[in-house]
Amino acid sequence: MKIAVLFGGTSEERDVSIASAAQIIPALRSLGHEVFSVDTATGRLSAADEARLLQAGVGPEPPSTSVIADVRGRAIALSAEAFNIRDVDVVFLALHGGPGEDGRIQAMLNLAGLAYTGSNHIASAAAMDKDLSKRLFRAAGVPTPDWLMAPASSDEVAEKLGWPVVVKPSKQGSTVGLSVVREASELARAIALASEYDDEVMIEKFVPGREFTVGILEGQALPVGEIIAPNEIFDYQAKYQVGGAREIFPAEISEADAIVMQEMALRAHAALKLGVYSRIDFRVEDNGAVWCLEGNSLPGMTANSLLPQAAKAAGIEFAELLERICRGAVR
């Protein structure tokens, strides 16, 4: 196939997207496909520019506001010709966050009549919007922690959710702008931080316990994985720095507990109308209560990311996973 890999972009998850593309592109080429790379912030890349950009790793913090503003400013000045990908068989979306994951680019590809990986524009938008996602989870009978949307007073939070709570942008990923708030005096500052990244802020009941994830591929739930982070949340640094967290696939839990999470993940995937693949994240309390946190329509796709690790536990190597994702998009 002739494949365009779209990555980079203008969201705070730009570095994560580049890391995904750095492994996706050579893996697809190893399968014999003709692959070219497109940074949605700079256009189609030459071989030299591709090699330079894909050597960059993921830093301990997301790109600064000024860096992202500079990238967005340069992207606006690009001509349409910089993104000419009309002759491809499929577009592989290695984008994360922002317009790459929230349905905007998916809608443009729909209008252009191009096949692309991931989920359609409606499902992508639903998965990115955490408030909407949780409403759909509840409607599908998938338990999810209670929440409020800002503005909300500390008295209202204390009464309806209790402390601690998680304050986060409603339409962001990779825990960007997220805070764990333990008392009323910290609430306003956490909301202000989250507001820097989105126009809507969610205040969610904090669920103590173990963190798990379930990948979905072509309608089947992959083996459950457990994430053991050094802190109480699986934050940006724990996700993307070497030694940041232990990730165990398959998780060391009973078969019955795994089946419960897998069935719940399939219901969450269906509730959001997600496509060929996704990843659904959970917290499990000490009393066994399972809570669905969110669905990811374009989860991280390095060989060591959570979805590829789950696939490997099911006997699916990284290149085969990418091939199946591409074939599913073409179908």
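Q: What makes up the secondary structure of the chain?
A: The chain has 13 helices and 14 strands, where helices (H or I, at least four residues) and strands (E, at least two) are DSSP runs numbered from the N terminus. The model is predicted: local features need pLDDT of at least 70, side-chain atom pairs count only at pLDDT 80 or more, and totals for chains, interfaces and linings use all residues. Residues are numbered from 1 along each chain as its sequence is written, and side-chain values use heavy atoms, with hydrogens and water left out.

Q: How do you know whether the radius of gyration of the chain agrees with that of a compact globule?
A: The radius is taken over C-alpha atoms, and the globule rule is 2.2 Å times the number of residues to the power 0.38. For 331 residues a compact globule would have a radius of gyration near 20 Å; the chain has 19 Å, and therefore agrees. The C-alpha trace spans about 55 × 45 × 35 Å along its principal axes.

Q: How much of the chain counts as buried, and what is its accessible surface?
A: Buried means under 20% relative accessible area, exposed over 50%, and partly exposed in between (1.4 Å probe, protein chains only). By this criterion 54% of the 331 residues are buried. The accessible surface comes to about 14,300 Å², of which 51% belongs to carbon and sulfur atoms; such areas come from the Shrake-Rupley method with a 1.4 Å probe, and for residues only the protein chains shown count as cover.

Q: What share of the contacts with a separation of 6 or more joins residues 24 or more positions apart?
A: The share is 69%, a contact being heavy atoms within 4.5 Å.

Q: What makes Glu204 a partner in salt bridges with both Lys134 and Lys168?
A: Lys134 and Glu204 meet at 2.6 Å, N to O. This pair links distant parts of the chain, with Lys134 in helix H7 and Glu204 in strand S8 (residues 201-205), 70 residues apart. For Glu204 and Lys168 the closest N and O atoms are 2.9 Å apart. That pair also links distant parts of the chain: Lys168 is in strand S6 (residues 165-169), 36 residues from Glu204.

Q: How do you know whether Lys134, Glu204 and Lys168 are buried or exposed?
A: Lys134 has 1% relative accessibility and therefore counts as buried. Glu204, with a relative accessible area of 3%, is buried, and so is Lys168 with 8%.

Q: Which residues does a network of salt bridges link?
A: Lys171, Asp198, Asp199 and Glu200 are linked in such a network.

Q: Why is the charged end of Arg44 said to sit over the ring of Phe36?
A: The criterion asks for NZ of Lys or CZ of Arg within 6 Å of the ring centre and within 35 degrees of the ring normal. The charged end of Arg44 sits over the Phe36 ring, 3.5 Å from its centre.

Q: What makes helix H12 mostly covered?
A: In H12 (residues 306-313), six of the eight residues are buried, namely Leu306, Leu307, Pro308, Gln309, Ala310 and Ala311. The cover includes strand S9 (210-217), strand S11 (225-228), strand S12 (246-248), strand S13 (277-284) and helix H13 (318-330). Just after H12, Gly315 takes a positive phi of about 90 degrees.

Q: Why is Gln106 called buried, and what is it in contact with?
A: Gln106, found in helix H5 (residues 104-112), counts as buried because its relative accessibility is 1%. Leaving aside neighbours within four places in sequence, its contacts include Leu93, Pro99, Gly100, Tyr116, His121 and Leu298.

How values were computed. Salt bridge = Lys/Arg side-chain N within 4 Å of Asp/Glu carboxyl O.
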